[in-house]
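Take a look at the charged side chains of this protein.

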Amino acid sequence: MGRAYQNRKDSMAKTANAKTKVYSKYGKEIYVVAKNGGSDPDGNLALRSLMDRAKKDQVPAHVIKNALDKAAGGGGEDYSPARYEGFGPGSCMVIVDCLTDNNNRTIMEVRNCFTKTNSKIGAQGSAAHMFDHLAVFVFDGDDDEAVLEALMMADVDVTDVEVEDGKITVYAPHTEFYNVKTALQAEYENIEFDVEDISWVPTTMTTITGDDVAMFEKFIDMLNDCEDVQEVYHNAEFED
C-alpha cells in the first residue's frame, strides 16, 4: 500500500468525560457481541478480541464485567448497527459506525454533525468504495519478508506487509482477522500487538488545508460527542 497505517481513532483519554465515552463505547459493544455470540470469551473469538482491546485502552474491569453480566442476563437494550457515509470538510470521505437503540435519534444527531460543519451526508456506499475493509495488526519488528513468509506458510490470505520505524504492519481481508492473529502468535512467542483491529483503511488520502482544518476538528469532536457513534473513519490528512 506504500504507506504506514495511521490509527485514525481520535485519542479520547484526556478528560474524565472522554474516558466515560470510551468506557460507554466498549461497554455497549461488549454487550452486543456477548449477547449475539455468547458471554464466554473462550467460545466467542470476537468477544475475546474486543475484551483484549478494551483492556489495552484501560477500560476498568468492572465496566467489562457489567456488560458481560447484562448480556448473560438476556435482558437489556436491543442495539443494532448503523453506518453513515458522506463527505466531510475539505471533501474528505467519512464513514461513521454506530450502535443504536433508536435509529431516528441517531440519524438526526449524525446528520446534524454534517450539516453544521459544511459537510454532506451521502447514500450507502458513497464513501465506502474509497476504503478497504481490512484486518490490521501492528507490532515491533523489522523483517517484513519473514512475517509475510510465515503468514503464507500458514495459508493466510494477506493484502500487504509494511515496515517503518521498527514497526511491522500487516493488512489482510477482514475475514482473515483470526487466522492472521493465530498465525502470528504461533510464529512469534509472546508477540505484543500495538494495533489489532478490523478497520476501514482509505485507498487514497485527501489533504485538508486552511479553514477546513478547524472545521474538520469541529466535525470530529461533534461526532465523538454523539452517544451512539462507535467509530469514525476518514481519509483526511494535513500538511506538515
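The model is predicted.

Start with the salt bridges. The structure holds 12 of them. One joins Lys28 to Asp228, with the closest N and O atoms 3.5 Å apart. This pair links distant parts of the chain: Lys28 sits in helix α1 (residues 16-37), and Asp228 sits in the loop between α7 (211-224) and β9 (229-234), 200 residues apart. Lys28 is buried, because its relative accessible area is 7%, under the 20% cut-off. Asp228 is buried too, at 1% relative accessibility. The pair belongs to a network of salt bridges that links Lys28, Asp101, Arg105 and Asp228.

Now turn to Asp52 and Lys181. Their salt bridge has its closest N and O atoms 3.5 Å apart. Asp52 lies in helix α2 (residues 45-56) and Lys181 in helix α6 (residues 177-187), 129 residues apart. Asp52 is partly exposed at 26%, whereas Lys181 is buried at 10%.

Asp69 is partly exposed, with a relative accessible area of 42%.

Next, helix α5. Its buried residues are Val147, Ala150 and Leu151. They cover an arc of only 95° around the axis, so they sit on the same side of α5. The face turned away from that side carries the exposed Glu145, Glu149, Met152 and Met153.

Glu145 and Glu149 also belong to a surface patch of negative charge, with Asp142, Asp143 and Glu187. Asp142 is in the loop between β4 (131-140) and α5 (144-153). Asp142 counts as exposed because its relative accessibility is 63%.

Conventions:
Residues numbered from 1 in each chain as written. Predicted model: local features only at pLDDT ≥ 70, side-chain atom pairs only at ≥ 80, totals over all residues. Heavy atoms only, no water. Patch = residues over 30% accessible without salt bridge, like charges linked within 9 Å, V, L, I, M, F, W, Y side chains within 5 Å. Areas by Shrake-Rupley, 256 points an atom, 1.4 Å probe, with all protein chains shown as cover. Salt bridge = Lys/Arg side-chain N within 4 Å of Asp/Glu carboxyl O. Lys, Arg positive; Asp, Glu negative; His and termini not counted. Charge placed at Lys NZ, Arg CZ, Asp CG, Glu CD. Helix = DSSP H or I, 4+ residues; strand = E, 2+ residues; numbered from the N terminus. Buried < 20%, exposed > 50% of the residue type's maximum accessible area, 1.4 Å probe, protein only. Arc of directions from axis to C-beta.
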